Each structure stands twice: as C-alpha cells, then as structure tokens.
Amino acid sequence: MAETSMVQRQRQRKFHRRSRNGCATCKAKHIRCDERKPLCTYCLRHGGECGYPDGDTGSNASEAGRGSGSRDGSREPHESAEPCLHLMDATPKDPFLGTSYDMPHKSRSLFQLFTNTRVLYTTRVERNANSFIVHKALSHPGFLHAALLMTALHWAWSTGDVEHFRVPYLYHKLQAIRFVTDQLRNPDAAGHDGTIAAVSSLALVENALGSVDAVSSHLRGLAKIKELQGEDRRPKRMGLLQRMILMAARRVSSRPVWDILDISRTDYVHQSMIISLLRVALRPIYSLNVLGSSHDSKEPLSEILARRAPHPRASDSNVLAPLRSVDSSRSGFIACYFYLYVIMREGTVDSFILNWFIEQLLADVCRTETPMQKGQYSPSLWLWSVMFGACATMAAKTSDDLERSQMKVMRDVYLDKINLVSQLLRLKSWEAAKSILRLFAWEDGFDGEMELREIWEEAVWQDDERRFQWYSAENVDYSNAKNCW
C-alpha cells in the first residue's frame, strides 16, 4: 500500500502557475514569463524589449505621472531639465553596422551618451569626437560592456537618476559577467585587455553602488586572470603607481586617530582620492598589504582572497540599489581602482580603464584648485594629489598615436598643476617638496623617490619654449582641457 502511494506521488504532475500577464516578447516566443519588472529574466538575458499589456503599463504611467507632480526629484527621464538623447536607428551612420555586435535597441541611447558626453564629478561635458576610448569600445566586447556600465554610473552621478538606464545597465552587467566567465576558459583570451576591462568595470560600478559582496567576487576573478598570464605580466616589482598606493595606505593607517580626523576636516570639499585612501587604509575590503605581498606567497592570490572574502549574501541580479550620495559613490569608485591596480602589479596598464580614473582624479584637483589658492584647502594634500595623478598618467599603456597624444594632454595638465602649487609654496628643491608630501604620506627610503623626483623636476624646471607651446591659444588640446577642468 505504501509502495502504491509512492508511485502515485511520483506520477503527480508539478503545478505550474500560468503566466497570464507575461511580457509581449515571451508571449510571442511561447515562453513562460516570470513577469519581473522592469525586465523579465528572459529579456534580461537576451536583450528583449519586454513590453507588458497596456493595462499594466498604463497604470504605471499614471502613477509615475502623479508622482512627478507631487514629489521633488521624481521625474520621468524624458521630462528632465536636459533633453534626452534619442535612440539611434540602423542607418549607415550606425557604428554597429557591419560589425558582429548585436546591440539591443535600448542600449543604443546609452551608447550615444557615451560617445557624446563624459562626466567630471557631476558635470556633463562634451567628449572629444575622436576620443580613443570610443574607438576601443568598438574594438572588443569587453571594452564595450565596460564603457556602457561606466556611462550608466556616471549618468546617475550627474542626474541622481538610477532608473533611466536601469534596463541596459542590468543587461550589460549580466553580459559582462557571462563574457568574462567564457573568456576564463581560454588563458590567451582571459589575458586580453578587453577582458580585464570588463571585470574591472564590474568591480568599479558595484563598489560605487555599495555591493561589497559582488566587488570581492570580481576582484577574485581579476586575480584568477592574472594567474593565467605569463611572468612578464606578473612582475616581481610593482609599478610606481602601485607603490605609491601601498605607501600611502601604510602611512595613513599608522596615523593617530586625531590626525585622520584633521585630514577629513581639512578636506571639507571632499576630494575623493584622499577619502578613498582613508577608506582602503582603515576599512578595506581586502588588505592592500596582502594584495601587495601576494607575489611572494606560494598560494595563488585568488585562493587567498576566497578565504578572506566577506560572507556572501543572497542578492537579486534584477535589482539596482539606490544611489548613495555622489561623494560616497565616487570615493567607492576610486577606492576600487586601488585594489585593481595592486592586483595587476604591472608598471603600465591599459589606458582604457585608466582614462576613467584619471578623469575623475583631475576633476577633483581642478575643483579644489581655487580653494587651495585662497588658503581654504590644504596645499600639502593638493600637492600629494597632483603628484599621484601624474604617476597615474605615466602608467598608461598605449597602442597608437591617438592614445599617446590624448594621454599626454592629461599628463601635461598634471605637470602644470605641480608647477602651480610648487610656485605657490615657493618650493625651490626636491627636498622642500618632499617635506610637504611628508605632511600627508611619505616614507623615508621609499623606493619610488627617484621617479617622483624626476616628475617634480620636469614639472618645475621644464624649459620656457615648451611652456609657451603648451599655453599658446593654438594648442587645441590645452584649450579643451582648460575648459573642461
């Protein structure tokens, strides 16, 4: 009798809820829709439009309309103060025409925003029509996913609106994860700069949005990629940029609490690079010392990080967390770069991801320049910031003349800033400059001192002819830099 009842239970069909309100895409394909919004699981994975019945969308629209009239800061994307970019059609001007990219329609407005605009702090400025990062984005899927994820984040910084690009953001986030996972099966493909850009951008946007669990997972993925590369891309001695990050983290973490509070109060305009250094030194996701000394360990770094990873929590890939304050989000974004570059170790890193980093650092430097000149911002913090930024520009690995010329513009802007603060502080020698750097973070015997000295001397003692050429009105790159920063 017991055996008969067991057979009956095995034959009993499982109950499936019929999807009566599924999206139009799933109904057309006769697929059971899970009715998730704004994007069902099938459309999220395959880039579908995910249209819902008129009654459902109508109620949502009316609710949104009522909200926009009654609550401040609540608005439809197309009713914003600045005009929304229109979706691009597949005309001969379509950048994806003739390529292997199958770009969903809703992602095209995000791509158009990327090609036309960049965000410096919260200000949107026009992007150079011939920017090398646009060319790179069309050269490899990893670069493309990275560009669109970063653009969605920067849009949120400039508008406070995380809903406008929710659908393409979630789509490219999932596609980037799938792409990196697929590339990891092939060591040669995994080591491509486009793959590194994709996993780096995932970590950067997640840290900016406060998803620590996801960040730790992506950092472990980057560590795994580095383990698959040859010894030439895993050097024993780190680059100058990484050595400066580690030195600053050591010095900041050894400071008394009241010193750190003084730094925080001095940096009242919230320069994100300084706050980010405090963050990674005092409240790290992973210890930078562990990341920096991993080359000497016999255990792979990815396994070390897996043991030290935060306890994972269940998360919903279809949910986009609300944006924290812009300052908090940007400090998380910049702090994540410190982890990424220490894991990479290389003296030069691909200029695509580095460009987004330098732009934000330089935006902060220029935002604090006037307060520094008026005595309202610490000159020692400012000098340290511009010296660090100059190191970052020197870490760029470029592949053509366009990349080299555009990275040189940012490097020359930083040299100009170093000279400015040195003149203001009347620094006549490297020893005098070093005494100012010591006020924030400096170690005697630092193994990057000679390299930093060369940067400072180039900035301060550069010849008059070069300075005249740099400031001349005919220098279009300088004029653009001056207007944007």
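Trp384 is buried, because its relative accessibility is 0%; buried means under 20% relative accessible area, exposed over 50% and partly exposed in between, with a 1.4 Å probe and protein chains only. This is a predicted model, in which local features need pLDDT of at least 70, side-chain atom pairs count only at pLDDT 80 or more, and totals for chains, interfaces and linings use all residues. Residues are numbered from 1 along each chain as its sequence is written, and side-chain values use heavy atoms, with hydrogens and water left out.

- The whole structure holds 19 aromatic pairs. Rings of Phe, Tyr and Trp (its six-membered ring) pair if their centres lie within 6.5 Å; planes under 30 degrees apart count as stacked, over 60 as edge-to-face and the rest as tilted.
- One of the 19 aromatic pairs joins Trp384 and Phe388, and this pair is stacked, at 5.7 Å centre to centre with 15 degrees between the planes.
- Both residues, Trp384 and Phe388, belong to helix 20 (residues 379-394). They are 4 residues apart, about one turn of the helix. Helices (H or I, at least four residues) and strands (E, at least two) are DSSP runs, numbered from the N terminus.
- Phe388 is buried, because its relative accessible area is 0%.

**Tilted tryptophan pair**

- Trp430 and Trp456 form a tilted pair, because their ring centres are 6.3 Å apart and their planes meet at 55 degrees.
- This pair links distant parts of the chain, 26 residues apart. Trp430 is in helix 22 (residues 430-437), and Trp456 is in helix 23 (residues 449-460).
- Trp430 is buried at 3% relative accessibility. Trp456 is buried too, with a relative accessible area of 1%.

**Ring cluster and charges over rings**

- Ring pairs join Trp157, Phe333, Tyr337, Phe338, Tyr341, Phe357, Trp384, Phe388 and Phe440 into a cluster.
- Arg330 has its charged end over the ring of Trp157, 5.8 Å from the ring centre. A charge sits over a ring if NZ of Lys or CZ of Arg is within 6 Å of the ring centre and within 35 degrees of the ring normal.
- Arg367 places its charged end over the ring of Tyr121, 3.9 Å from the centre.

**Surroundings of Ala281**

- Ala281 lies in helix 14 (residues 272-282). Its relative accessibility is 16%, so Ala281 counts as buried.
- Ala281 touches Ala249, Val252 and Ser253, leaving aside residues up to four places away in sequence. Contact means heavy atoms within 4.5 Å.
- Ala281 and Arg250 are 31 residues apart along the chain, and 7.1 Å separates their C-alpha atoms.
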